[in-house]
Amino acid sequence: MASASVAAIGTILKRNAVLVAEALEINGPEQSLEHVDVTNMDSPSFFMEILPTIKKPGVVVVEFNYIAQNATQKGVLTDYQNRTLQVWTITFSDAAPTIASFSAYVTKWHPIAKVKDQLKLQVELTISGAVTYTP
């Protein structure tokens, strides 16, 4: 059977419906489910048992070409400095396209300068509340 895989190029990140310039890599949202261990002396076949508790919406880590004077990247820095909750969307490159929407704080701002590389910027968005996927 032929693969139905899709190239990632064309996937974009928007902040308040405005494209954030020159994303190189978008990782996430990385969601997880918290749980507690409820294993007891009666647990069948000596297997651990868990009880799901809260859903963690997770983080999105994005790497950009760092363009220090770019208005959209400066806006992300301002969000970090002011601890501002913003609306974000990731539009994936599939035909539909699939869109992940969420509210998040900028919790990490990390410029990267290496001798044999372009200036880069790594940003971490920590999500507050649910992530919705459409379609």
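Residues are numbered from 1 along each chain as its sequence is written, and side-chain values use heavy atoms, with hydrogens and water left out. Since the model is predicted, local features need a pLDDT of at least 70 and side-chain atom pairs count only at pLDDT 80 or more, whereas totals for chains, interfaces and linings use all residues.

The protein chain holds 1 helix and 8 strands, where helices (H or I, at least four residues) and strands (E, at least two) are DSSP runs numbered from the N terminus. Along the sequence these elements follow the pattern β-β-β-β-α-β-β-β-β. The radius of gyration of the protein chain is 19 Å, well over the 14 Å that the globule rule gives for 135 residues, so the chain is more spread out than a compact globule; the radius is taken over C-alpha atoms, and the rule is 2.2 Å times the number of residues to the power 0.38. Taken along the principal axes, the C-alpha atoms fill a box of roughly 60 × 45 × 35 Å. Of the 135 residues in the protein chain, 27% are buried, with buried meaning under 20% relative accessible area, exposed over 50% and partly exposed in between (1.4 Å probe, protein chains only). Among contacts (heavy atoms within 4.5 Å) between residues at least 6 apart in sequence, 60% join residues at least 24 apart.

A search of the whole structure finds 1 aromatic pair. The rings of Tyr66 and Trp109 have their centres 6.1 Å apart and their planes at 85°, so the pair is edge-to-face. Under the criteria applied, rings of Phe, Tyr and Trp (its six-membered ring) pair if their centres lie within 6.5 Å, and planes under 30 degrees apart count as stacked, over 60 as edge-to-face and the rest as tilted. Because Tyr66 lies in the loop between strand 4 (50-65) and helix 1 (71-82) while Trp109 belongs to strand 6 (residues 99-112), the pair ties together parts that are 43 residues apart in sequence. Tyr66 is partly exposed, at a relative accessible area of 24%, whereas Trp109 counts as buried at 18%. Both Tyr66 and Trp109 are touched by Gln73, a residue of helix 1 that is buried with a relative accessible area of 1%.

Glu63 lies in strand 4 and has a relative accessible area of 17%, which makes it buried. Leaving aside neighbours within four places in sequence, Glu63 is in contact with Glu22, Ala23, Leu24, Glu25, Ile112, Lys120, Leu121 and Gln122. The C-alpha atoms of Glu63 and Asn27 are 8.7 Å apart in space, although the two residues are 36 residues apart in sequence. Thr91, in strand 5 (residues 86-91), counts as buried at 16% relative accessibility, and its contacts, with the sequence neighbours within four places again left aside, are Gly10, Thr11, Ile12, Pro97, Thr98 and Ile99.

As regards backbone geometry, the peptide bond from Gly28 to Pro29 is cis, with omega near 5°, and Pro29 is placed in strand 3 (residues 23-37). A cis peptide bond with omega of about 0° also joins Thr134 and Pro135, the latter lying in the segment after strand 8 (132-134). Positive phi values in residues other than glycine include that of Asn16, near 50°, and that of Phe46, near 65°.

The largest pocket contains about 170 Å³ of space. On a 1 Å grid over the protein atoms alone, a pocket is an open set of points with protein on both sides within 12 Å along at least five of seven lines, a 1.4 Å probe being used, and lining residues have an atom within 4 Å of a point; points are joined across faces, edges and corners, and the volume is the space filled by probe spheres set on them. The lining consists of Ala8, Ile9, Gly10, Thr11, Ala23, Leu24, Glu25, Ile26 and Phe92.
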